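This report describes a predicted model. It begins with strand pairing, then turns to the nonpolar cores and to one pair of helices.

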Amino acid sequence: MNNADRHGMIAQAVRESGRITVQDLVRLTGASEMTIRRDLDALAAQGVLERVRGGARTLLLRGDEPPFALRAHEAVDAKRRIAAEVSSLIADGETVLLDSGTTCLEIAHLLRRRPVTVMPLSLQAVHVLGQGQGPGRARLMVPGGQPRAAEGALTGPLTLASLAALRFDTAVMGCCALSAAVGLTAYDLDDAAVKKAGIASARRVIVAADGSKLGHTAYAHVGPATLLHALVTDTTAPADEVTALEGAGTVVKTV
């Protein structure tokens with residue numbers, strides 16, 4: 001097991017249990033006690049968990065959005081498959097609005113090598129897309145706005161003004177939660193406002209979300225499922241939710 005896979009397993013175990021010991025993680029991963037302690041120190045430095053005597057505990061309060069650093073370790077393979085499929089749906093020459101979030105960051109890595117114009121809505125994606133500018137590479141457009149702490153997602157009046165001034169061929173939206181009954185929802189009201197503006201500015205809306213996001217609802221409403229043209233998700237998506245979304249007119253691609 002490589003470091004990334006082990007870190008993902010540890011992050012998930014801490015999140016699910018709330019608190020876990022080094023010995024529990026040794027049994028779970030098969031790694032040595034020394035390796036686990038180094039892993040916990042590294043994850044604590046990233047803000048994924050809190051180190052306590054003999055182990056670690058979660059930093060996540062009940063009902064809170066998991067922090068970016070923690071989500072970055074979850075469902076990595078699925079997010080990369082989703083990113084590849086989303087990239088394949090975007091044609092050369094398109095103007096693309098790219099939402100914040102860990103799945104959209106994977107998409108940024110693929111789009112930066114494509115002759116497309118991209119406006120990313122997170123500092124992390126701005127950094128990725130800004131690397132190696134040149135012929136055949138993505139043309140980067142940077143919106144205004146204030147980054148949310150730890151998330152790096154751009155929000156506020158300047159972000160909304162940037163979106164209102166432009167029209168995109170495709171908006172690729174991340175997803176806090178999605179259900180056919182309620183639609184797209186977010187954990188943060190400012191983030192929900194940016195998502196609404198992004199959807200309104202685009203001819204086509206693609207949602208990129210791993211299966212864990214489907215069938216759930218967060219408290220800030222973005223819009224009904226009927227606004228979404230396509231959803232790219234993975235094989236863990238609940239079958240009944242996929243069927244319901246298709247019934248609402250969303251094309252669902254499972255990878």
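Strand E12 and strand E14 (residues 230-233) run parallel and are joined by three bridges. In one of these pairings, Ala208 has Val232 of E14 as its bridge partner. Both strands belong to an open sheet of seven strands with parallel pairing, in the order E6-E5-E4-E9-E12-E14-E15. Strand E6 (139-140) and strand E15 (251-254) each have a single partner strand, so one side of each has no neighbour in the sheet.

In soluble globular proteins, nonpolar side chains tend to be buried together. Here the largest nonpolar core has 30 residues, and those touching the most other members are Leu97, Leu163, Leu178, Val207, Leu214, Leu231 and Leu245.

Beyond its neighbours within four places in sequence, Val207 is in contact with Met173, Cys175, Leu178, Leu228, Ala230, Leu231 and Val232. Apart from this core lies another, of 22 residues, including Ala83, Val86, Leu98 and Ile107.

The axes of helix H2 (residues 22-29) and helix H3 (residues 33-45) come within 9 Å and cross at roughly 110 degrees. H2 and H3 are therefore roughly perpendicular to each other. Val22, Gln23, Leu25, Val26 and Thr29 of H2 meet Glu33, Ile36, Arg37 and Leu40 of H3. The residues of this contact comprise five nonpolar, two polar and two charged.

Technical notes
Residues are numbered from 1 along each chain as its sequence is written. This is a predicted model: local features need pLDDT of at least 70, side-chain atom pairs count only at pLDDT 80 or more; totals for chains, interfaces and linings use all residues. Side-chain values use heavy atoms; hydrogens and water are left out. Axes are lines fitted to C-alpha atoms, for helices over the stretch in contact, and angles run from 0 to 180 degrees between N-to-C directions. Helices (H or I, at least four residues) and strands (E, at least two) are DSSP runs, numbered from the N terminus. Angles under 35 degrees count as roughly parallel, over 145 as roughly antiparallel, 65 to 115 as roughly perpendicular and the rest as oblique. Contact means heavy atoms within 4.5 Å. Ala, Val, Leu, Ile, Met, Phe, Trp, Tyr, Cys and Pro count as nonpolar, Asp, Glu, Lys and Arg as charged, and the others, Gly among them, as polar. A nonpolar core is a set of buried Ala, Val, Leu, Ile, Met, Phe, Trp, Tyr and Cys residues joined through side-chain atoms within 4.5 Å. Buried means under 20% relative accessible area, exposed over 50%, partly exposed in between (1.4 Å probe, protein chains only). Two strands pair if DSSP finds at least two bridges between them.
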